[in-house]
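Biologist: Can you walk me through this one? Keep it short, please.
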Amino acid sequence: MKKNGMMVVAGFMGAILFCCSSSYADDLSPFKGEKGTVKVSGGTAHIPVMKEAAKQVMTAHPDIQITIAGGGSGVGIKQVGEGLVDIGNSGRKPTDDEIARYGLKLYQWAIDGVAVVVNPNNPVRALTGSQLIDIFAGKIDNWKAVGGEDRKISLYTRDEASGTREVFWEKGLKKGEVASKANVVVSNGAMKTSIAQDPAGIGYVSVGHIDPTVAAVAVDGVAPTHETVTSGKYPIARGLYSNTKGEPAGLTKKFIEFLYTADGQKIISANGFIPAK
Amino acid sequence: MSGLRERILESGFFLAAVASTAATLLIFGFMLVLGFPLLRSGLFVDLLTGAWAPAAGAYGIFPMVAGTLAISLLSLILAFPVSLGCAGFAAAIGPVWLSRPFRRMVQLMTGIPTVIYGFVGIFLLVPIVRGLHGGGSGLCVFSAALVLAVLISPTMVLFFSDSLDRVPKSYLDAADALGATPSQKLRLVMLPYAKEGILSGLILAFGRAVGDTMVALMIAGNAVQVPESVFDAARALTAHIALVIAADTESLEFKSIFVCGLVLYLFVGLMISGLRLLSALGHRR
Amino acid sequence: MTTMKSADRIIILFSWSGALVLTGALSAILGYVIFKGAGTLDLKLFFGDTAPLDALTLKRQVFDGLFPAILGTLCLVVLSVILAVPLGLATGIYLAEYAGGFAKKVFNLFFDILAGVPSIVVGLFGFALAVFLHRHVSREIGPCLLVSSLALALLVLPYIIRTTQTALEGLPADIRLTALALGATRLQNIRHVLLPRSLSGIMTGVILAVGRCAEDTAVILLTGAVAAAGVPRSLLGHYEALPFYIYYISSQYANPEQLLTGYGAALVLLVICLGLFAVTFVIKRRLSYNALYRA
């Protein structure tokens with residue numbers, strides 16, 4: 001319902017922008033003359049996009065302050081619900097219970113995949129679904145069992161507030177358990193650096209965060225790329241949401257709308273996500 | 001007039017002391033009240049001994065208690081001999097032209113921020129431990145304990161040297177008169193006299209180790225399991241609080257971190273009382 | 001005779017190796033931070049792509065630079081000290097000058113406990129307080145600069161109380177009693193004689209508190225420090241801080257350049273904290289100069 005409304009607004013704005021041969025300043029012009037603060041927190045996958053968008057807005061209009069915190073999807077939903085922040089990001093769709101309890105309005109602005117990653121020095125680049133489940137459950141504990149070197153597998157998983165973890169657990173592990181000996185890291189960024197530093201590590205991270213320091217692993221023959229995530233062939237995918245408590249107003253509304261503009265979409269694609277209209 | 005102003009100021013001082021005490025109690029109060037729902041149904045023992053599986057409704061903090069104890073005790077075991085040696089060096093064995101700057105250096109070490117220990121630990125120590133152990137992630141009890149040992153050593157060294165310095169000069173003169181060497185003086189006169197001071201220093205350092213957050217958070221791996229070997233990852237109570245703060249404020253999971261806070265607070269209370277008792281017993285002699 | 005000799009030899013070996021191990025550990029830590037961080041110290045580390053003058057006059061914002069974090073830490077420290085020093089000073093004076101034996105013991109017990117409470121528990125208290133105020137007092141309040149400063153003030157309160165009390169109690173009896181004997185009131189004695197004389201001890205406590213506030217991470221982790229916020233604009237807003245930046249970058253650096261800024265930040269924080277510490281040494285030495293030459 002709200003998404004339909006947003007699409008109308010976005011379409012309208014897109015039409016206007018298209019007509020006015022959009023230049024850089026036009027997308028930011030709604031912010032002209034605005035002052036105030038927008039507090040953002042939540043999903044760590046969203047942070048690079050939030051940071052870049054905030055940077056563009058704040059550079060053009062220095063009276064605006066946008067603060068960005070992480071914490072995970074759980075934190076984002078909880079904090080926006082409590083009114084501690086204006087925008088709560090989540091990497092999973094808030095549950096009906098959460099929407100009802102906090103009166104949330106959802107805005108999905110990207111699609112993202114959750115990829116299994118290993119260290120670039122690790123020769124293993126493909127796993128079957130059941131191998132994946134067994135590895136994370138701790139049943140397979142040496143790389144040589146799946147075609148790698150003779151080395152104990154180091155498991156990495158996310159904290160409980162993580163939307164990335166929720167999606168991976170549901171769609172990748174089919175709700176299988178994660179062994180208690182897994183190292184817990186607190187964000188997508190942290191997962192990436194941990195895997196990059198540990199030759200025997202395996203973890204999961206947002207597709208948008210993948211760079212040459214980690215290597216993505218194909219699951220059941222499907223590699224996590226833009227194409228496979230967009231087409232739906234790669235099953236472990238989720239939307240990136242920005243949620244507000246009730247209808248957003250003023251600066252908050254404009255910031256969210258900015259994400260749907262051409263410049264916003266450019267930032268989203270540049271960070272490896274698939275912009276969702 | 002000025003008598004009244006004086007009286008007001010003096011009661012102001014008293015009120016300040018009361019306010020400071022009230023703040024101390026308020027911290028305890030918040031922990032108690034906010035963790036209460038979990039404590040009420042006699043769950044406290046279950047919490048202390050149960051496993052952590054919030055999806056299944058289990059909020060036991062036992063793995064974290066085990067993690068804290070493992071990391072802190074190991075760091076104490078690693079730090080104690082080194083600190084005692086350093087204190088002996090500073091107080092007796094080291095030549096004066098070395099021991100003075102050495103003390104200064106140790107004092108300076110207490111000013112190094114904790115987060116820097118953690119930072120260096122991640123990038124310098126963890127790869128080394130990983131290589132040493134030939135596997136594993138390097139993020140484990142051992143690495144955390146090693147860094148923590150370096151963290152708590154300066155305070156221990158200063159405390160120990162202080163105790164060793166307090167030995168009455170008459171004792172030291174007597175030992176000199178009998179022809180004792182510095183190491184004999186240390187072993188036979190200073191150490192026995194400073195026994196209680198050393199014990200107090202140990203307890204304080206243990207308290208510091210238990211209360212540390214950043215080193216455990218950054219280096220111990222944060223796995224929710226009872227560590228079975230020093231190369232297993234573990235999660236400390238303090239790191240647990242930092243990690244679970246993310247959860248929903250209404251949930252029992254969130255309330256369980258206040259129970260963690262309560263446990264830590266009570267531990268400190270016990271430790272301080274223990275120290276008081278120790279010094280009281282000492283004075284009795 | 002021989003057994004004593006070997007016991008002595010062991011002790012000597014023990015002491016020297018202890019000293020060497022600790023010195024080695026310190027050199028490794030300092031050396032690593034300086035080695036990796038020294039190369040990054042340039043204007044870009046602090047100001048990113050923004051011109052320094054624009055940044056310092058707050059005309060333009062700084063992105064990807066340490067300037068907001070340094071300013072955030074500065075505000076935090078100033079606020080916490082403003083909150084903690086008056087309370088701590090007054091409490092210390094009370095304990096040293098007015099408290100009776102039993103009251104002193106009880107108060108000291110409480111303050112020892114406060115000193116021993118782990119910083120994360122103080123942070124948790126701060127967070128709970130923020131949520132409480134948010135729900136019952138004003139929706140504007142949440143984890144923010146003000147709450148962090150309050151929590152940090154609580155953290156360093158015991159330092160100030162202890163050093164004030166020790167400094168006052170450490171004054172020789174003749175100084176403490178002379179003014180009283182001449183008819184001054186207790187308060188006049190404190191204000192005109194005791195406090196000025198114990199100033200260096202009290203200053204040491206304040207500087208230690210400043211250092212503690214600058215380096216603390218656990219408290220601000222829970223009470224309002226965030227990854228990106230620009231220069232702190234309001235007491236009720238989120239802010240950046242140097243130790244938080246180091247923690248954040250250590251696990252979430254997006255590329256090697258960002259990691260290098262972490263080393264740079266670590267070096268800056270190290271210099272700040274060790275510098276403050278060195279200042280306390282100087283203050284203590286100047287005191288002995290004064291005591292020797294002006295007594």
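Biologist: How many helices and strands does chain B have?
Modeller: Chain B has 12 helices and 2 strands. Helices (H or I, at least four residues) and strands (E, at least two) are DSSP runs, numbered from the N terminus. This is a predicted model, where local features need pLDDT of at least 70, side-chain atom pairs count only at pLDDT 80 or more, and totals for chains, interfaces and linings use all residues. Residues are numbered from 1 along each chain as its sequence is written, and chains are lettered from A and ligands numbered from 1 in the order in which they are written.

Biologist: What pattern does chain B follow along the sequence?
Modeller: Chain B reads α-α-β-β-α-α-α-α-α-α-α-α-α-α.

Biologist: And what does its C-alpha trace span?
Modeller: About 75 × 70 × 35 Å along the principal axes of chain B.

Biologist: How much of chain B is buried?
Modeller: 52% of its 285 residues. Buried means that 20 or more other C-beta atoms, placed from the backbone, lie within 10 Å of the residue's own.

Biologist: Switching to chain C. How far does helix α4 reach?
Modeller: α4(C) covers residues 67–98, 32 residues in total. From first C-alpha to last it reaches 45 Å, close to the 46 Å expected at 1.5 Å a residue. That expected span is 1.5 Å times one less than the number of residues.

Biologist: Where is the kink in α4(C)?
Modeller: At Ala84(C), shortly before the proline Pro86(C). The kink is about 30°, taken between axes fitted to the seven residues ending there and the seven starting there.

Biologist: Is α4(C) mostly covered or uncovered?
Modeller: Mostly covered, with 24 of its 32 residues buried.

Methods
A residue is buried if 20 or more other C-beta atoms lie within 10 Å of its own, exposed if 12 or fewer, and partly exposed in between; C-beta atoms are placed from the backbone.
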